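Try each task before reading its solution.

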Amino acid sequence: MNDVAAGHLPTRDDLERLQAAMLVMPQIELETRHYWADGMYCREVARPAGCIIVGKVHIKEHFYVICSGTILLVGDGYRETITGPRVIVSKPGTKRAVHALTDAVCITVHRTDKTDLDEIEAELVERDETALFDASNKIIQTRLENHP
């Protein structure tokens with residue numbers, strides 16, 4: 001993220017390199033709440049100040065909401081510091097890193113009739129063998145253990 005602070009606009013490759021580098025860093029499981037209502041799924045994630053998340057790539061357009069706090073949002077060719085509340089329409093194929101500059105709460109809202117988190121992820125997210133977290137937002141220990 002230092003290149004980002006220096007003015008470099010990151011590429012998708014930069015974000016993937018950051019995600020790979022994070023394999024050797026300490027990981028925390030973030031408080032995550034899941035909600036369903038009439039064909040919608042909402043995922044709420046509380047993140048402490050200083051936390052950096054490299055998100056998964058979503059297949060479908062959805063809402064990304066910064067409910068509270070201030071984050072640095074970094075994606076392919078852009079970066080923006082945002083203080084919530086703020087609603088963003090996230091386009092398909094978007095990969096981004098989020099650095100919580102203060103304690104923050106963010107949510108995503110998706111269209112789906114599914115209620116099983118693994119099925120939801122299979123429907124809404126590109127498969128990523130390097131992801132550090134599963135559909136429930138729990139650490140995938142084997143990814144950390146098998147990393148050289």
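**Exercise 1.** Which side chain is joined to that of T108 by a polar contact of 3.0 Å?

Solution. Keep in mind that the model is predicted. Start with the place: T108 is found in strand β9, residues 104–111. Now look for the partner. The side chain of H110 makes the 3.0 Å polar contact with the side chain of T108.

**Exercise 2.** Decide whether T108 is buried or exposed.

Solution. Take the relative accessible area of T108, which is 11%. Buried means under 20%. T108 is therefore buried. Next, list its contacts, leaving aside neighbours within four places in sequence. They are Y41, C42, R43, H62, F63 and Y64.

**Exercise 3.** Classify F63 by its relative accessible area.

Solution. F63 lies in strand β4, residues 62–68. Its relative accessible area is 42%. Now look at the surface. F63 forms a nonpolar patch there with V87 and V89. Together they have about 270 Å² of accessible area.

**Exercise 4.** Which residues make up the largest nonpolar core?

Solution. The core has 11 residues in all: L15, L18, M22, L23, V54, L72, V74, A97, L132, F133 and I139. Apart from it lies another core, of nine residues, including Y64, I66, I71 and L73.

Definitions and conventions
Residues numbered from 1 in each chain as written. Predicted model: local features only at pLDDT ≥ 70, side-chain atom pairs only at ≥ 80, totals over all residues. Heavy atoms only, no water. Patch = residues over 30% accessible without salt bridge, like charges linked within 9 Å, V, L, I, M, F, W, Y side chains within 5 Å. Areas by Shrake-Rupley, 256 points an atom, 1.4 Å probe, with all protein chains shown as cover. Salt bridge = Lys/Arg side-chain N within 4 Å of Asp/Glu carboxyl O. Helix = DSSP H or I, 4+ residues; strand = E, 2+ residues; numbered from the N terminus. Buried < 20%, exposed > 50% of the residue type's maximum accessible area, 1.4 Å probe, protein only. Core = buried A, V, L, I, M, F, W, Y, C linked by side-chain atoms within 4.5 Å. Polar contact = N/O pair within 3.5 Å; in protein donor to acceptor, adjacent residues only side chain to side chain. Contact = heavy atoms within 4.5 Å.
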